[in-house]
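Here is a short briefing to read alongside the model. Take a moment with the sequence and the fold, then work through the points below.

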Amino acid sequence: MNTLTILALSWQHILIVAILLVLLFGGKKIPELMRGVGSGIKEFKDAVKEEDKPGSEKTSSNTNNNSSSN
């Protein structure tokens, strides 16, 4: 069985999930939840970009050198 066909959602499935979300959380709470998810994704992306910077490698190597000399 192909896993892609299991994970594929039609418009009917998405509509049912949207209706359930509105029933569970209410119309006013959903935008707050989405803002929280969006800010979490943004923070994650910023952390990944910050870790890729060359300056972050020097900082981690300095802390390793300091701990080995103590």
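Helices (H or I, at least four residues) and strands (E, at least two) are DSSP runs, numbered from the N terminus. With that in hand, Glu 32 and Lys 29 both sit in helix H3, 3 residues apart, or about one turn of the helix. Please keep in mind that this is a predicted model, where local features need pLDDT of at least 70, side-chain atom pairs count only at pLDDT 80 or more, and totals for chains, interfaces and linings use all residues. Residues are numbered from 1 along each chain as its sequence is written, and side-chain values use heavy atoms, with hydrogens and water left out.

**Confidence**
- The average pLDDT (the predictor's confidence in each residue, from 0 to 100) is 77 for the protein, and 69% of the residues score at least 70.

**Architecture**
- The protein has 4 helices and 0 strands, giving the pattern α-α-α-α along the sequence.
- Helix H2 has 15 residues and reaches 21 Å from its first C-alpha to its last, close to the expected 21 Å (1.5 Å times one less than its number of residues).
- Just after H2 comes Gly 26, with a positive phi of about 85°.

**The salt bridge**
- A search of the whole structure finds 1 salt bridge, meaning a side-chain nitrogen of Lys or Arg within 4 Å of a carboxyl oxygen of Asp or Glu.
- Glu 32 and Lys 29 form this contact through their side chains, at 3.5 Å from N to O.
- Both partners are partly exposed (between buried, under 20% relative accessible area, and exposed, over 50%; 1.4 Å probe, protein chains only): Glu 32 has a relative accessible area of 44% and Lys 29 one of 42%.

**Surface**
- Buried residues make up 0% of the 70 residues.
- The accessible surface (Shrake-Rupley method, 1.4 Å probe) comes to about 6,600 Å², with 64% belonging to carbon and sulfur atoms.
- A nonpolar patch on the surface includes Val 17, Leu 21, Met 34 and Ile 41, and its members together have about 740 Å² of accessible area.
- Such patches take residues with over 30% relative accessible area and no salt bridge, joining nonpolar side chains (Val, Leu, Ile, Met, Phe, Trp, Tyr) within 5 Å and like charges within 9 Å.
- H2 and H3 each supply at least two residues of the patch, and Met 34 lies in H3.
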